[in-house]
Each structure stands twice: as C-alpha cells, then as structure tokens.
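Colleague: I should like to go through this model with you step by step. Could we begin with the overall layout and then proceed to particular residues?

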Amino acid sequence: MQFRVGQIVAKCSCGSTDFKIPAEEQSGPHMNYMCADCGHITQYSKLVAQIGREASRQRKDRLATPSSESPRSEPGPAFLQRGKAARGSDPD
Ligand SMILES: [Zn+2]
C-alpha cells in the first residue's frame, strides 16, 4: 500500500513508497508501518510528519507558481483518524 495524502506519498529512507502493516500492529498514532522493499519500520506519526513537511514545501511552491490546484489535500485531524482506511488497492 502507499501511504498517501492528496498528491503526496510518504517514502521510506530507501526511497520506496510501498508499505505494509505488520500483522500484530494496532491502529493508532504509534502504530508502525513496514517498508515492503527493505523491511524498515517507520512510525505512523513519522510518516504523517513527513507528509506534513512535503505539503508545506509544495504549498510554498504553489505560492511561487500559482495554479488552480485545490488546497484541500492538507493532512488534518480527520486524516489522523482514518488509520487502516488507507489500506487497500489504489487504481493508480
Ligand atoms: Zn525501505
């Protein structure tokens, strides 16, 4: 699965964007995601923080180059509660 918010996909330190949830893992802000490529464990909150940083960077880029893109893709409290809903297949 990809850990994605809007247009932003979280990456493992190895560069992979494919994550798995360890079978024994519980949903919540401290749950762990495992990289499907290298097996590196990254905490959910770290992935959220990474996406937050990327969203902030892209927002600055948008200010520099105005576009019609919607600002709705920012991570927020509703996203934090979604948890395993992000699991599953994504058509692209
Ligand atoms: Zn990895």
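Predicted model: local features only at pLDDT ≥ 70, side-chain atom pairs only at ≥ 80, totals over all residues.

Colleague: How many helices and strands does the protein chain contain?

Modeller: The pattern along the sequence is β-β-β-β-β-α-α. The protein chain accordingly has 2 helices and 5 strands.

Colleague: What percentage of the residues in the protein chain is buried?

Modeller: A residue is counted as buried if 20 or more other C-beta atoms lie within 10 Å of its own. For the 92 residues in the protein chain, the buried share is 10%.

Colleague: What is the order of the strands in the open sheet?

Modeller: Strand β3 is joined to β4 by 2 bridges, and β4 is joined to β5 by 3 bridges. The edge strands, each pairing on one side only, are β3 (19–20) and β5 (41–43). The pairing is antiparallel, and the order of the 3 strands is β3-β4-β5.

Colleague: Which residue of β5 is the bridge partner of Y33?

Modeller: Strand β4 covers residues 32–35 and runs antiparallel to β5. In this pairing N32 stands opposite Q43. The bridge partner of Y33 in β5 is T42.

Colleague: Which residue in the turn between β4 and β5 has a positive phi?

Modeller: Strands β4 and β5 form a hairpin, with 5 residues between them. D37 also has its place in this loop. The residue in the turn with a positive phi, of about 80 degrees, is G39.

Colleague: Is D37 buried, partly exposed or exposed?

Modeller: Not counting residues up to four places away in sequence, D37 touches C12, C14, S16 and D18. The C-alpha atoms of D37 and D18 are separated by 7.0 Å, although these residues are 19 apart along the chain. Because 14 other C-beta atoms lie within 10 Å of D37, this residue is classed as partly exposed.

Colleague: Is C12 buried or exposed?

Modeller: C12 lies in the loop between β2 and β3. Beyond residues up to four places away in sequence, C12 touches C35, D37, C38, H40 and T42. Since C12 has 22 other C-beta atoms within 10 Å, and the threshold is 20 or more, C12 is buried.

Colleague: How far apart in space are I41 and S13, C-alpha to C-alpha?

Modeller: I41 is found in strand β5 and is partly exposed, with 13 other C-beta atoms within 10 Å. Leaving aside neighbours within four places in sequence, I41 is in contact with N32 and M34. I41 and S13 are 28 residues apart in sequence, and their C-alpha atoms are separated by 9.9 Å.

Colleague: At about what angle does helix α1 run to β5?

Modeller: Helix α1 comprises residues 44–64 and lies across β4 and β5. The buried residues of α1 pack against β1 (4–5), β2 (8–9), β4 and β5. The angle of α1 to β5 is about 70 degrees.

Colleague: How far apart are the end C-alpha atoms of α1?

Modeller: At 1.5 Å a residue, the 21 residues of α1 should span 30 Å. The model agrees with this expectation, as the end C-alpha atoms of α1 are separated by 30 Å.

Colleague: What arc do the buried residues of α1 cover around the axis?

Modeller: In α1, Y44, L47 and I51 are buried. An α-helix has 3.6 residues a turn, so residues three or four places apart point the same way. On the other side of α1, the exposed residues are R53, S56, R57, K60, L63 and A64.

Colleague: Which element contributes the largest share of the largest nonpolar core?

Modeller: This core has 8 residues in all: F3, V5, A10, F19, Y33, Y44, L47 and I51. One of them, A10, is in contact with F3, T17, L47, Q50 and I51, leaving aside neighbours within four places in sequence. The largest share of the core, 3 residues, comes from α1.

Note on methods
Residues numbered from 1 in each chain as written. Pairing = 2+ DSSP bridges. Helix = DSSP H or I, 4+ residues; strand = E, 2+ residues; numbered from the N terminus. Contact = placed C-beta atoms within 7 Å. Axes fitted to C-alpha atoms, helices over the stretch in contact; angles between N-to-C directions. Buried ≥ 20, exposed ≤ 12 C-beta atoms within 10 Å, placed from the backbone. Expected span 1.5 Å × (residues − 1). Core = buried A, V, L, I, M, F, W, Y, C linked by C-beta atoms within 7 Å.
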